[in-house]
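Colleague: I would like to learn how to read charged side chains in a model. Could we go through a case together?

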Amino acid sequence: MSPPINPMNVSFLQELMTTVAEQGRAMLPKSLLWGDDENIEDLARHLVSSRGEAAGVAIARQILNRYRALTDDEKRAFLTFLGTELQPDAGIVADAAKSYLGAPDAQSLARLQHAVESPRQEFFRRLNLAPGATSGIVAMRRDLLVMGRGDATLKLVDDDLMHLLASWFNRGFLVLRRIDWQTPAAILEKIIAYEAVHAMASWDDLRRRLDHRDRRCFAYFHPSLIDEPLIFVEVALTHEVSDAIGPLLNEPPKPTAIEAPTTAVFYSISNCQNGLKGISFGNFLIKQVVEDLVRELPSLKTFVTLSPVPGFARWMASAQGQAVVAAMPQEERDALGFLSRRRWHSKERAAQAVKEPLMALAAHYFLAGKAADGKPFDPVARFDLG
């Protein structure tokens with residue numbers, strides 16, 4: 001497991017960057033200093049064109065402060081400005097392309113690559129110089145994901161930002177930390193809040209899921225977001241493969257540590273930062289956790305996931321799902337009628353009747369049900385099957 005992040009080092013760096021920002025702010029023209037009538041678009045133009053490091057840090061800090069204070073409509077207008085104005089120069093791109101076509105050597109290729117790179121990427125790189133900027137930029141992308149659906153201009157901004165975030169949050173920068181009862185309370189509170197699969201009703205729920213006797217929890221962190229987990233996974237240590245989540249979640253604490261567990265059940269994995277959607281952490285996280293668990297507990301031989309199927313009911317109600325149901329034998333279609341009854345799953349006869357046709361439908365859903373992009377409908381299935 002990677003060594004823990006030293007909060008003192010991060011705090012020192014943040015204080016240093018804050019000092020640089022304050023010094024740079026003192027160097028700015030009065031027309032660019034913070035004010036109620038400040039134009040955030042002008043600040044963005046100055047940031048892209050600035051040459052001094054300290055001045056750039058100060059401008060970046062102003063932009064982030066101003067952005068946080070904007071209304072949703074003002075944020076959309078600013079993000080649209082980034083999409084429309086911060087574009088590569090068409091004339092320079094054309095000249096570079098002609099030069100490359102005339103003499104396709106390394107120098108002309110480098111010039112062409114430089115010409116076509118969006119100024120937005122340089123804007124975000126410089127914006128990230130400000131103290132605490134990374135979390136502000138992640139929040140900005142969260143806004144983009146909400147506002148940008150169906151908007152081609154905002155899609156351009158999101159593509160550039162996604163390209164940079166994928167580099168900034170590369171696996172090599174991530175730190176794996178085990179979450180236990182000694183983890184700072186601020187982080188534990190976020191684990192409760194970010195749990196997206198099986199909600200925790202209380203601190204007692206969390207304590208049970210962190211029980212060192214038969215449970216483990218691991219999270220990825222990034223040095224720029226020191227107390228913000230990016231993703232975390234919860235694991236149960238057992239002697240058999242669990243076939244239901246209820247007994248596992250409701251099992252009382254064990255009196256002693258489980259002896260020589262053979263199976264690790266990954267029963268919950270939660271992404272914590274909506275602004276990092278599309279950047280894959282889960283695959284790396286599970287693989288690294290498996291390695292760490294095997295080192296700690298060599299008796300482990302079986303690793304399984306116990307996952308929900310959040311899109312199954314919607315698929316069954318869709319035209320595609322209904323077509324599959326219609327092709328089933330009449331007896332199975334009749335059994336599925338129990339699904340319309342209230343609390344059918346708590347009634348033994350109904351549960352037994354629907355079990356076999358539901359399993360058949362689930363198999364079809366996982367293996368044959370595809371979205372427009374050719375991938376499985378279910379987001380959990382996309383992750384697990386991948």
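Colleague: Does R295 count as buried or exposed?

Modeller: This is a predicted model. R295 counts as exposed, at 55% relative accessibility, because the cut-off for exposed is over 50%.

Colleague: What does R295 form a salt bridge with?

Modeller: Side chains of opposite charge can pair when their charged atoms come close. Here R295 pairs with D292, and the closest N and O atoms are 2.2 Å apart. The two residues are three apart in helix α13, so about one helical turn separates them. D292 counts as buried, with 9% relative accessibility.

Colleague: How many salt bridges does the structure hold?

Modeller: There are 23 salt bridges in the structure. One of them joins the side chains of E296 and R216, at 2.5 Å from N to O. E296 lies in helix α13 and R216 in strand β2, so this pair ties together parts that are 80 residues apart in sequence. E296 is partly exposed, at 36%, whereas R216 counts as buried, at 6%.

Colleague: Which residues are linked in a network of salt bridges?

Modeller: The network links R208, D211, R213, D214, R215, E251 and K254. Within it, K254 and D214 meet at 3.3 Å, N to O. K254 is in the loop between α12 and β4, and D214 in the loop between α11 and β2, so the pair ties together parts 40 residues apart in sequence. D214 counts as buried, at 0% relative accessibility.

Colleague: Which residues form a positive surface patch?

Modeller: R341, R342, R343, K347 and R349 form such a patch. R341 sits in the loop between α16 and α17.

Conventions. Residues are numbered from 1 along each chain as its sequence is written. This is a predicted model: local features need pLDDT of at least 70, side-chain atom pairs count only at pLDDT 80 or more; totals for chains, interfaces and linings use all residues. Side-chain values use heavy atoms; hydrogens and water are left out. Patches are made of residues with over 30% relative accessible area and no salt bridge: like charges are joined within 9 Å, nonpolar side chains (Val, Leu, Ile, Met, Phe, Trp, Tyr) within 5 Å. Accessible areas come from the Shrake-Rupley method with a 1.4 Å probe; for residues, only the protein chains shown count as cover. A salt bridge is a side-chain nitrogen of Lys or Arg within 4 Å of a carboxyl oxygen of Asp or Glu. Lys and Arg count as positive and Asp and Glu as negative; His and the chain ends are not counted. The place of a charge is taken as NZ of Lys, CZ of Arg, CG of Asp or CD of Glu. Helices (H or I, at least four residues) and strands (E, at least two) are DSSP runs, numbered from the N terminus. Buried means under 20% relative accessible area, exposed over 50%, partly exposed in between (1.4 Å probe, protein chains only).
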